[in-house]
Amino acid sequence: MAKFQNLFTWAVFITLLVQTMGDVIPLGKGRAGKIWHDAHATFYGDLNGGETMQGACGYGDLFQQGYGLETAALSTKLFKDGHACGACFQIRCVKDPQWCIPNAGAITITATNFCPPNWIPAPDHWCNPPQRHFDLSMTMFTKLAQAKAGIIPVKYRRVPCQKSGGVKFELKGNPYWLTALVFNVGGAGDVANVKIKGSSTDWLQMSRNWGQVWQTGSNIVGQSLSFLVTTSDGKTLRFDDVAPANWQFGQTYEGRINF
């Protein structure tokens, strides 16, 4: 009987742990990508998607950067203070025969923005903690349901990101403060750590400024730049001499490889 009670206690603990952490398990670790989780979805903007550009991840023109309208803003629980930027999710409409498009299947989106909480008391603030919520582009929402539905119940799971070409680095700042937006990242998609190396320096640790914008205070102007990028699943790639010695602020440089 005691053994049964111990097993029951562990079963309850594991169930609660999965319910609590299932949406934040990095891709490639344990159950991530296999289990579908419950959430809700809405949309913002119109079919042109202008309102979905830029946002809290640091991205700019999502069309130029390869994300297009296959994007979503995430609620606080999923956004994880910007650490989830670049992660990819499959989403499907469920349990709403009135609005779900029959046989619509699943869409795949990249997290590119934050759906902020609204602290004014109301029963329908879907992006408030601890809600799991996706605010989709209108184009993606209408692949799953009719627009007039407004909000739909969905199932979601993490999936590998499929990107064309190499990882890209957009450089901005000044000689004493350099930022690198790391984007077009395949695999896990969400970058967890970045180091930079000038042709005359050792590897320098960069810190997250916001979203997927990384920064250093070292002056490495006039040196070719290399990067070490680690994604949330622990995979690391080295990008040697991505930017030549005459690199310029405001320019984007593409690595030869991707995750």
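## Disulfides

Cys88 is buried, at a relative accessible area of 2% (buried means under 20% relative accessible area, exposed over 50%, and partly exposed in between, with a 1.4 Å probe and protein chains only). The structure is a predicted model, in which local features need pLDDT of at least 70, side-chain atom pairs count only at pLDDT 80 or more, and totals for chains, interfaces and linings use all residues. Residues are numbered from 1 along each chain as its sequence is written, and side-chain values use heavy atoms, with hydrogens and water left out.

Cys88 forms a disulfide with Cys161, and the two sulfur atoms are 2.0 Å apart (a disulfide is a pair of cysteine sulfur atoms within 2.5 Å). This link of Cys88 and Cys161 is right-handed, with 115 degrees about the S-S bond. Cys88 belongs to strand 3 (residues 88-93), whereas Cys161 sits in the loop between strand 6 (152-159) and strand 7, so the pair ties together parts that are 73 residues apart in sequence.

## Other cysteine pairs

A search of the whole structure gives four disulfides. With the bonded cysteines of the chain numbered in sequence order, the pairing reads 1-2, 3-8, 4-5, 6-7. One of the disulfides joins Cys93 to Cys100, with sulfur atoms 2.0 Å apart. The torsion about the S-S bond of Cys93 and Cys100 is about -75 degrees, so this disulfide is left-handed. Both Cys93 and Cys100 are buried.

Cys115 and Cys127 form another disulfide, with their sulfur atoms 1.8 Å apart. The link of Cys115 and Cys127 is right-handed, at 85 degrees about the S-S bond. Cys115 and Cys127 each lie in the loop between strand 4 (107-114) and strand 5 (133-137), so the pair ties together parts that are twelve residues apart in sequence. Cys115 counts as buried at 10% relative accessibility, and Cys127 counts as buried at 6%.

Five strands form an open sheet in the order 11-12-8-7-15, and the pairing is antiparallel (two strands pair if DSSP finds at least two bridges between them). Strand 11 (207-210) and strand 15 (252-254) stand at the edges with a single partner strand each, so one side of each is left without a neighbour in the sheet. From one strand to the next, the twist averages 35 degrees; axes are lines fitted to C-alpha atoms, for helices over the stretch in contact, and angles run from 0 to 180 degrees between N-to-C directions.

Strand 7 (residues 168-174) and strand 8 (residues 177-183) run antiparallel and are joined by seven bridges. Gly173 stands opposite Leu178 of strand 8. In edge strand 11, Ser207 is partly exposed, with a relative accessible area of 34%. Apart from neighbours within four places in sequence, Ser207 is in contact with Val213, Trp214 and Gln215 (contact means heavy atoms within 4.5 Å). Ser207 and Val194 are 13 residues apart in sequence, and their C-alpha atoms are 7.5 Å apart in space.

Strand 13 (residues 225-231) is joined to strand 14 by five bridges, and the two run antiparallel. Arg238 in strand 14 is the bridge partner of Leu228.

## Backbone exceptions

Most residues other than glycine have a negative phi, and most peptide bonds are trans. The peptide bond from Pro129 to Pro130 is cis, with omega near 5 degrees. Pro130 lies in the loop between strand 4 and strand 5, where Cys115 and Cys127 are also found.

Gln54 has a positive phi, near 60 degrees. Gln54 is in the loop between strand 1 (37-44) and strand 2 (71-74), and at 52% relative accessibility Gln54 counts as exposed. Asn184 likewise has a positive phi, near 60 degrees, and is in the loop between strand 8 and strand 9 (191-198). Asn184 counts as buried, at 5% relative accessibility.

Terms used: Helix = DSSP H or I, 4+ residues; strand = E, 2+ residues; numbered from the N terminus.
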